Number of protein chains: 2
Amino acid sequence: MEPTLDVVGVGNAIVDVISTVDDDFITAHSLNKGAMTLIDADRATSLYAAMPPGIEASGGSAANTMAGLASLGSRSAYLGKVRDDQLGEVFIHDLRAAGVGFDVDAGADGPPTARCLIQVTPDAERTMNTFLGISAFLSPNDIDDSLVASAAITYCEGYLWDMDIAKEAIRGAMAVAAEAGRTVSLTLSDSFCVDRHRDEWLELLADKVDLVFANEAEICALFETEDFDSAADQIAQLVEVSALTRSAAGSVVVRGDERIVVAAAAVDAVVDATGAGDLYASGFLHGLANGADLARCAELGGIAAGEIISHIGARPHVGLASLV
Amino acid sequence: MEPTLDVVGVGNAIVDVISTVDDDFITAHSLNKGAMTLIDADRATSLYAAMPPGIEASGGSAANTMAGLASLGSRSAYLGKVRDDQLGEVFIHDLRAAGVGFDVDAGADGPPTARCLIQVTPDAERTMNTFLGISAFLSPNDIDDSLVASAAITYCEGYLWDMDIAKEAIRGAMAVAAEAGRTVSLTLSDSFCVDRHRDEWLELLADKVDLVFANEAEICALFETEDFDSAADQIAQLVEVSALTRSAAGSVVVRGDERIVVAAAAVDAVVDATGAGDLYASGFLHGLANGADLARCAELGGIAAGEIISHIGARPHVGLASLV
């Protein structure tokens, strides 16, 4: 059956709380600069109390990617879990208003909607501290099999792997997609996340994943090497297509023996790196859904990432379709 | 007794929900462009559903002014009412993190924290639609008399006048300030607000207010004239000092026969007018609290307003003290 959807994303549904800080703040609060660290409710309260005034904006890695896809004109939908609270309302609104299909019921009890406390430093790097709340309880029951089967590509977030029930949900979604003959994609999300799940992921990538997204730190962490080229050679053995991002150095698409190197888009001023990888995936997947070659997919990824890092927040401020 | 605080602000405690839209959106939803319109819960739900993706940021006119004062280095505090919900938590955090004293208990029941649905159009004008929620239930019990008496200036928001109980709270605060020999200040807030309360306000201004803030539309609405100079002459009869803003044309300070005209600060690009008047008041009150002459007060107002209109949102993005 022809897919009726281009991409369905599965991930942690999160509202970002973003403050700009100096590097002293990172040091004083022992934050893991540039990484995503999971925090509990108590730590979320104390860290928030210490943060300067901020703004709130919908986030969540795969949700950002789906919003970017919709902004580019692709048909996208999202699976993730929020509570029926004010932040959940914001998350649902922003995703639907972006044109992304999102029909998962908001939970009537349990922990609150997830939030990520983000510190943006003067170098535009973002440091993320996530209180997962109800997002981590995404379960196989929340996966709409017919929705997954209807999408040409199923895109899963590695971040979800930290909770067993969410992991089951992802495995279920991947199985449905494979059964329907669709493309299964995974983003490695974070190098510390890779460290936590290396063995399981190596197996998952080899057996279940057709397209992987990773940045340099993540792909090197996966193979416990500091040599990017070696990591690229190793992932080529496991996955059909790998899109590997290298920040300002652009990206490298790996398919068998092919290495397609694409420069990053020119950006006037990098303000906030949050969402760079997510939006790269938007552009890449948009290209793929529209039959572009891999070089063009990577180029589209770079353009979408370039827009997102030019402002605070991980959702597009302009219609991305106008940029490509 | 010497004041231990420079300014205490009294106002509607609101979280802003900000989207950029084109002018067609304003027309299609019959919005009152450039004004503040009160909306009920149902209208808030339907209008929010129609709005594009947005960001959330603490707002509230007097709260913005107090945040600006703290950013300039003045000692400020705030009286306003939020619920113990997620938006209330955001509002409290942002105000305290800005350095503003805020100790009003969050309500454990009643309507939710207020939100203002703001549409920013390409001309940088903002159109505000406020669901007052619990903020309108600020009552005389919420006014800490000793706090008010300790502040050199009590600054009240005209917006509060729409609810009888909040009006009583303001009248109470003004009486305490006057009794303690402090300066009583009022901002007229909005020309439609002026239309709703003209007679009461003319009396209030004449009897209770030492310093009034208004923009051109508001002061003209107060005296039902289209002639700014005539309005200035009339307010001079009622209030000791009036700070009248005229957008890009700067501001005019009126004291008796004096008319002090001060140019607006140069701004590279006006992005979002939200908070311009609030931050003008910050700068002006900061000058006053530090013994500056009226021309310098107006100049400081222009500088603070210039920062706020250069970005989305009504709270400063940089330490204002570094700009003056």
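**Figure 1. Helix 6 of chain B, from end to end.** In this predicted model, helix 6 of chain B runs over residues 164-179. Its 16 residues reach 22 Å from the first C-alpha to the last, close to the 22 Å expected at 1.5 Å a residue. Once the helix is over, look for Gly181(B), which comes just after it and takes a positive phi of about 75°.

**Figure 2. Inside the largest nonpolar core.** This core has 225 residues. Those touching the most other members are Val7, Ala173 and Val212 of chain A, together with Val7, Ala173 and Val212 of chain B. Zoom in on Val212(B): leaving out residues up to four places away in sequence, it touches Leu186(B), Leu188(B), Leu205(B), Ile235(B), Val239(B) and Ser242(B). In soluble globular proteins, nonpolar side chains tend to be buried together.

**Figure 3. Helix 11 of chain A and its surroundings.** Here 15 residues, 294-308, form a helix that reaches 21 Å from its first C-alpha to its last, close to the 21 Å expected at 1.5 Å a residue. Is helix 11 of chain A largely enclosed or largely open? Of its 15 residues, 12 are buried, so the helix is largely enclosed by the rest of the structure. Among the buried ones are Cys297(A), Leu300(A), Ile303(A) and Ile308(A), as well as Glu299(A) and Glu307(A). Their cover includes helix 3 (61-72), strand 11 (241-245), strand 12 (251-255), strand 13 (258-262) and helix 10 (276-289) of chain A.

**Figure 4. How the two chains are related.** Chain B is superposed on chain A by a rotation of 180° with 0.0 Å of shift along the axis, at an RMSD of 0.0 Å. That is the relation of a two-fold axis. Which residue of chain B comes closest to the rotation axis? It is Glu56(B), whose C-alpha is at 2.4 Å. As for the interface, 100% of the interface residues of chain B are also interface residues in chain A, so the copies meet through the same surface.

Notes: Residues are numbered from 1 along each chain as its sequence is written. Chains are lettered from A and ligands numbered from 1 in the order in which they are written. This is a predicted model: local features need pLDDT of at least 70, side-chain atom pairs count only at pLDDT 80 or more; totals for chains, interfaces and linings use all residues. A nonpolar core is a set of buried Ala, Val, Leu, Ile, Met, Phe, Trp, Tyr and Cys residues joined through C-beta atoms within 7 Å. A residue is buried if 20 or more other C-beta atoms lie within 10 Å of its own, exposed if 12 or fewer, and partly exposed in between; C-beta atoms are placed from the backbone. Two residues are in contact if their C-beta atoms, placed from the backbone, lie within 7 Å. Helices (H or I, at least four residues) and strands (E, at least two) are DSSP runs, numbered from the N terminus. The expected span of a helix is 1.5 Å times one less than its number of residues. Copies are superposed by least squares on the C-alpha atoms of residues with pLDDT of at least 70 in both.
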